[in-house]
Amino acid sequence: TKPWLPRPLRRPLGPIVRGFERRAEQRMHLLLAEEGYRDRFTLEHPVVPNTTYVPERPERGPGTDRVVYLGHLSAARGAWELVEMGRLLRPHGVRVEVIGAADSGIRPMLRDAHREEAVQWYGFVPNDQALRMISGALAGVCLLQDTPNYRSSLPTKVVEYMAHGLPVVSTPNPAAVSLVNGRPEGESGTVVPFGDPAAAAEAVLRLRSDSLLRERFSAAGH
């Protein structure tokens, strides 16, 4: 999924990367950033996951006129789906705000979408400022595609949305589903199919029309 890696080299490099990992395990002490990385190694290694600051209470409750995406943008992270969702929501008075740097191949599409006001793209914003920007949004969006890495990786942006009381709209990667629909505290958002910006837009409009649902998702997520 790395655009800087020439496509013909991606599959052959897989075994080479595995070889580096095996050699590293034999020669070094390893710290893993994801539980999902454990099965890549033979020995047990401590996991130090990315964590999210959770405020005592959300600064603002969910609003009605904007949804947010926070994080790096790439094709695999659903950049096209975000833009199309923005085009679908614009006639309904809902703005899609995109906060984060983007892969080089994605930037022209985002610049065009920004000019036509399909999305509001801010580019890179320091994390503490970005977290203040997402506060009070109608929803936080995570439209990752179905790739092997995303099937096992915890989507930190979903945790950040929940921590700040934002209802979540996410694709059905297993780790995201366990966060959004699988917690004993209750559901914190809506899961939509892969590659379906219309379903994502519909989920947003449903949230906008149902204040009780917004508040329930917000409280459960936080």
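Select helix α4 to begin, where the buried residues (buried meaning under 20% relative accessible area, exposed over 50%, and partly exposed in between, with a 1.4 Å probe and protein chains only) pack against β1, β2, β3 and α6 (156-163), with contact meaning heavy atoms within 4.5 Å. The model is predicted, so local features need pLDDT of at least 70 and side-chain atom pairs count only at pLDDT 80 or more, while totals for chains, interfaces and linings use all residues. Residues are numbered from 1 along each chain as its sequence is written, and side-chain values use heavy atoms, with hydrogens and water left out. Helices (H or I, at least four residues) and strands (E, at least two) are DSSP runs, numbered from the N terminus.

Within α4, which spans residues 127-134, pick out Ala130, Leu131, Met133 and Ile134, which are buried. Viewed down the axis of α4, these buried residues fall within an arc of 155° (taken from the directions from the helix axis to the C-beta atoms), so they line one face of the helix. An α-helix has 3.6 residues a turn, so residues three or four places apart point the same way. After α4 comes Gly136, where phi is positive, near 85°.

Next, select strand β2 (residues 95-99), which is mostly covered, with 4 of its 5 residues buried. Strand β1 (residues 66-70) pairs with β2 in the parallel sense over 5 bridges, pairing being called when DSSP finds at least two bridges between two strands, and Leu70 can be found opposite Ile99 in β2. From β1 the chain passes through α2 to β2 in a right-handed β-α-β crossover, a term that applies if, with the strands pointing away from the viewer, the path from the first strand over the helix to the second runs clockwise. β2 is also joined to strand β3 (residues 120-123) by 3 bridges, and these two run parallel, with Val98 opposite Trp121 in β3. Another right-handed β-α-β unit is made by β2, helix α3 (residues 107-115) and β3.

Now move to helix α2 (residues 79-89) and select Leu88, which is partly exposed, with a relative accessible area of 40%. Leaving aside neighbours within four places in sequence, Leu88 is in contact with Pro197, Ala198 and Ala201. The C-alpha atoms of Leu88 and Ala201 are separated by 6.6 Å, although these residues are 113 residues apart along the chain.

Finish at helix α9 (residues 211-221), where the buried residues include Leu213, Phe217 and Ala220. Among the elements covering the buried residues of α9 are α6, β6 (189-191) and α8 (197-209).
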